[in-house]
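Have a go at each task before you read its solution.

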Amino acid sequence: MTDILEALVARAVAGGDDGADAIAALYDELNDTVYHWVRFYIRDGHVAEDLCQEVWLKVAQNLSKYRSGTSLLAWLRTITKNTALDYLRSVQRRPSEVLYADHFELDRPRFDQNPEEHAVRRALAQAVASHLQKLRPAQRQVLTLRFFDGLTPGQTAEIMGKTDGAVRTLTVRALRRLAEVMPTGESSSELIEELLSAAVGDRHRVVGTRVETREARAHVATR
């Protein structure tokens, strides 16, 4: 994916009709990620959409300044963060470093849930958001990138300057730590196991022992 993005950047910098098509392709590939990044600071979805357009305008204007071979995602994330912070300064608001339940999209209704189960799910999503602040910075960052930004392990590794394997290991350890500080209960265990399964991927499914929360360690067997 990195090679594809770099090729699109090169085409965009070259300009012309093909350059415009390359910018459009970058937008299609990365705009959802940009939107999630903006929403970290901006809760109003309509404002966030407007700021995304501003981000892409800045990208188009400054793409020639991007140094090929460095992290495109990190470069894009910096532009996005600065755009959001500039907006907050313009309306004299302080940036929020608090994650909300809807940042993680863990509280969305599912077809197999009744209203009571959805209420429990939303409460758990809120607990995840609040307890995330208790993790170490690197643990908090990797979970934010993976589950809030929706980045792959490879993309997360690019931003954090780590290998894919190191990101996977850090993600699992961060989720184990999150399990220790989450409220006790079967639902919390199921949620952490769901996140662990997503973290290790389809080829390395979490199997075996159940994850215990707060007072017991999270035990995970993988293959």
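## Exercise 1: Neighbours of Val34

Task: find which residues Val34 touches, not counting residues up to four places away in sequence.

Solution. Val34 touches Cys52, Val55, Trp56, Leu76 and Thr80 once residues up to four places away in sequence are set aside. Contact here means heavy atoms within 4.5 Å.

Before going on, some ground rules: this is a predicted model, where local features need pLDDT of at least 70, side-chain atom pairs count only at pLDDT 80 or more, and totals for chains, interfaces and linings use all residues. Residues are numbered from 1 along each chain as its sequence is written, and side-chain values use heavy atoms, with hydrogens and water left out.

## Exercise 2: Cys52

Solution. Then look at contacts: beyond four places in sequence, Cys52 meets Asn31, Val34, Tyr35 and Val38. Finally, Cys52 and Ala84 are 32 residues apart in sequence, with their C-alpha atoms 9.0 Å apart.

## Exercise 3: The core

Task: state how many residues the largest nonpolar core has.

Solution. The core has 54 residues, and among those with the most contacts inside it are Val34, Leu76 and Leu143. Such a core is a set of buried Ala, Val, Leu, Ile, Met, Phe, Trp, Tyr and Cys residues joined through side-chain atoms within 4.5 Å. Elements giving two or more residues to this core include α2, α3, α7 and α8.

## Exercise 4: α7 against α8

Task: work out at what angle α7 and α8 pack and which residues meet.

Solution. First, α7 (residues 137–148) and α8 (residues 153–160) pack at about 135 degrees, with axes 10 Å apart. Next, from α7, Ala138, Gln141, Val142, Leu145 and Arg146 meet Pro153, Thr156, Ile159 and Met160 of α8. By class, this contact has six nonpolar, two polar and one charged residues. Last, Gly150 follows α7 and has a positive phi, near 70 degrees.

Definitions and conventions. Axes are lines fitted to C-alpha atoms, for helices over the stretch in contact, and angles run from 0 to 180 degrees between N-to-C directions. Helices (H or I, at least four residues) and strands (E, at least two) are DSSP runs, numbered from the N terminus. Ala, Val, Leu, Ile, Met, Phe, Trp, Tyr, Cys and Pro count as nonpolar, Asp, Glu, Lys and Arg as charged, and the others, Gly among them, as polar. Buried means under 20% relative accessible area, exposed over 50%, partly exposed in between (1.4 Å probe, protein chains only).
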